[in-house]
Amino acid sequence: MTTIAKLIAVNIDCAEPKILAEFYATIFGFEVQHSQDEYSAIGDGTTTLYFQQVPEQAPAPWPGPGKQFHFDVRVPDVAKAVEEYLALGATKPDFQPGGDHWTVIADPEGHLIDVCPER
(Lines give C-alpha, C1' and ligand atoms only; values in the text may rest on other atoms or scores of the structure.)
Protein backbone atom coordinates (compact mmCIF):
# COMPACT_ATOMS: atom_id res chain seq x y z
CA MET A 1 0.00 0.00 0.00
CA THR A 2 1.24 3.49 -0.83
CA THR A 3 1.85 5.91 2.03
CA ILE A 4 -0.82 8.59 1.92
CA ALA A 5 0.57 12.14 2.11
CA LYS A 6 -1.25 15.14 3.52
CA LEU A 7 -0.87 18.29 1.44
CA ILE A 8 0.24 21.12 3.73
CA ALA A 9 1.18 23.87 1.31
CA VAL A 10 1.77 24.95 -2.26
CA ASN A 11 4.87 26.96 -3.20
CA ILE A 12 4.64 29.42 -6.08
CA ASP A 13 7.73 30.82 -7.76
CA CYS A 14 7.41 34.53 -8.47
CA ALA A 15 9.40 37.74 -8.79
CA GLU A 16 7.55 39.68 -6.04
CA PRO A 17 6.46 37.42 -3.13
CA LYS A 18 5.05 40.22 -0.99
CA ILE A 19 2.85 41.53 -3.79
CA LEU A 20 1.45 38.10 -4.67
CA ALA A 21 0.92 37.23 -0.99
CA GLU A 22 -1.19 40.36 -0.52
CA PHE A 23 -3.15 39.70 -3.72
CA TYR A 24 -4.01 36.10 -2.84
CA ALA A 25 -4.63 36.86 0.84
CA THR A 26 -7.25 39.36 -0.28
CA ILE A 27 -9.05 37.14 -2.80
CA PHE A 28 -8.94 33.98 -0.62
CA GLY A 29 -9.63 35.74 2.69
CA PHE A 30 -6.37 34.34 4.12
CA GLU A 31 -4.03 36.02 6.58
CA VAL A 32 -0.49 37.03 5.67
CA GLN A 33 1.59 34.80 7.93
CA HIS A 34 5.05 35.84 6.76
CA SER A 35 6.13 38.69 4.51
CA GLN A 36 9.63 39.27 3.19
CA ASP A 37 10.97 40.27 -0.21
CA GLU A 38 12.38 36.77 -0.79
CA TYR A 39 9.61 34.64 0.75
CA SER A 40 6.05 35.23 1.90
CA ALA A 41 3.23 33.01 3.17
CA ILE A 42 -0.53 33.20 3.56
CA GLY A 43 -3.00 30.77 5.07
CA ASP A 44 -6.22 30.07 6.88
CA GLY A 45 -5.02 27.53 9.44
CA THR A 46 -5.62 24.61 7.07
CA THR A 47 -4.26 25.66 3.69
CA THR A 48 -1.01 27.55 3.15
CA LEU A 49 0.41 29.20 0.04
CA TYR A 50 4.07 30.14 -0.06
CA PHE A 51 5.56 32.60 -2.52
CA GLN A 52 9.27 32.16 -3.25
CA GLN A 53 11.29 34.77 -5.10
CA VAL A 54 12.71 33.76 -8.44
CA PRO A 55 13.80 37.12 -9.91
CA GLU A 56 13.86 35.91 -13.52
CA GLN A 57 10.37 34.38 -13.30
CA ALA A 58 8.32 35.25 -16.38
CA PRO A 59 4.71 34.36 -17.10
CA ALA A 60 3.97 31.72 -19.71
CA PRO A 61 2.18 33.03 -22.80
CA TRP A 62 -1.56 32.34 -22.75
CA PRO A 63 -2.83 30.42 -24.52
CA GLY A 64 0.21 28.22 -24.91
CA PRO A 65 2.02 25.13 -23.68
CA GLY A 66 4.19 26.89 -21.08
CA LYS A 67 1.54 27.13 -18.36
CA GLN A 68 2.38 24.77 -15.50
CA PHE A 69 -0.55 25.35 -13.15
CA HIS A 70 -3.57 27.52 -12.55
CA PHE A 71 -6.11 28.00 -9.80
CA ASP A 72 -9.83 27.31 -10.17
CA VAL A 73 -11.97 29.32 -7.74
CA ARG A 74 -15.73 29.43 -7.17
CA VAL A 75 -17.48 32.72 -6.50
CA PRO A 76 -21.13 33.73 -6.16
CA ASP A 77 -20.89 36.38 -8.92
CA VAL A 78 -18.19 35.91 -11.56
CA ALA A 79 -18.48 39.38 -13.12
CA LYS A 80 -18.28 41.13 -9.74
CA ALA A 81 -15.34 39.00 -8.58
CA VAL A 82 -13.44 39.59 -11.83
CA GLU A 83 -14.00 43.34 -11.49
CA GLU A 84 -12.69 43.30 -7.91
CA TYR A 85 -9.67 41.14 -8.80
CA LEU A 86 -8.79 43.42 -11.72
CA ALA A 87 -8.85 46.37 -9.29
CA LEU A 88 -6.35 44.46 -7.13
CA GLY A 89 -3.88 44.14 -10.02
CA ALA A 90 -5.05 41.10 -11.99
CA THR A 91 -5.40 41.26 -15.77
CA LYS A 92 -7.89 39.64 -18.13
CA PRO A 93 -6.36 37.87 -21.14
CA ASP A 94 -8.07 38.28 -24.50
CA PHE A 95 -8.37 34.49 -24.92
CA GLN A 96 -11.35 33.26 -22.87
CA PRO A 97 -12.11 29.54 -23.35
CA GLY A 98 -14.95 29.44 -20.82
CA GLY A 99 -17.52 31.44 -22.72
CA ASP A 100 -20.20 32.53 -20.29
CA HIS A 101 -19.36 29.85 -17.73
CA TRP A 102 -16.10 31.15 -16.27
CA THR A 103 -13.53 33.88 -16.81
CA VAL A 104 -9.77 33.48 -16.99
CA ILE A 105 -7.72 36.17 -15.27
CA ALA A 106 -4.02 36.44 -14.52
CA ASP A 107 -2.62 37.45 -11.14
CA PRO A 108 -0.21 40.43 -11.02
CA GLU A 109 2.62 38.18 -12.26
CA GLY A 110 0.68 36.30 -14.93
CA HIS A 111 -0.31 33.08 -13.12
CA LEU A 112 -3.77 32.12 -14.37
CA ILE A 113 -6.95 31.82 -12.33
CA ASP A 114 -10.25 30.41 -13.61
CA VAL A 115 -13.02 32.34 -11.86
CA CYS A 116 -15.99 29.95 -11.87
CA PRO A 117 -19.59 30.33 -10.74
CA GLU A 118 -20.94 28.45 -7.76
CA ARG A 119 -22.74 25.24 -8.67
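**Close-ups of a predicted model**

**View 1. Where helix H1 stops.** In this predicted model, H1 is followed by Gly29, a residue with a positive phi, near 75°. The helix itself runs over residues 17–28 and has 12 residues. From first C-alpha to last, H1 reaches 16 Å, close to the 16 Å expected at 1.5 Å a residue. Have a look at its buried residues, too: Pro17, Leu20, Ala21, Phe23, Tyr24, Ala25 and Ile27.

View 2. As a rule, nonpolar side chains in soluble globular proteins tend to be buried together.

**View 3. Zooming in on Ile42.** Leaving out residues up to four places away in sequence, Ile42 touches Ala21, Tyr24 and Ala25, and also Phe30, Glu31, Val32 and Gln33, plus Thr47, Thr48, Leu49 and Phe51. Val32 stands opposite Ile42 in E3. E2 and E3 (residues 39–43) pair in the antiparallel sense over 4 bridges.

**View 4. The open sheet.** Four strands line up in the order E1-E4-E3-E2, with mixed pairing. E1 and E2 (31–35) stand at the edges with a single partner strand each, so one side of each has no neighbour in the sheet. On average, neighbouring strands here are turned by 20° against each other, direction ignored.

**View 5. A cis peptide bond.** Trp62 and Pro63 are joined by a cis peptide bond, with omega about -5°. Pro63 sits in the loop between E4 and E5.

How values were computed
Residues numbered from 1 in each chain as written. Predicted model: local features only at pLDDT ≥ 70, side-chain atom pairs only at ≥ 80, totals over all residues. Heavy atoms only, no water. Helix = DSSP H or I, 4+ residues; strand = E, 2+ residues; numbered from the N terminus. Expected span 1.5 Å × (residues − 1). Buried < 20%, exposed > 50% of the residue type's maximum accessible area, 1.4 Å probe, protein only. Contact = heavy atoms within 4.5 Å. Pairing = 2+ DSSP bridges. Axes fitted to C-alpha atoms, helices over the stretch in contact; angles between N-to-C directions.
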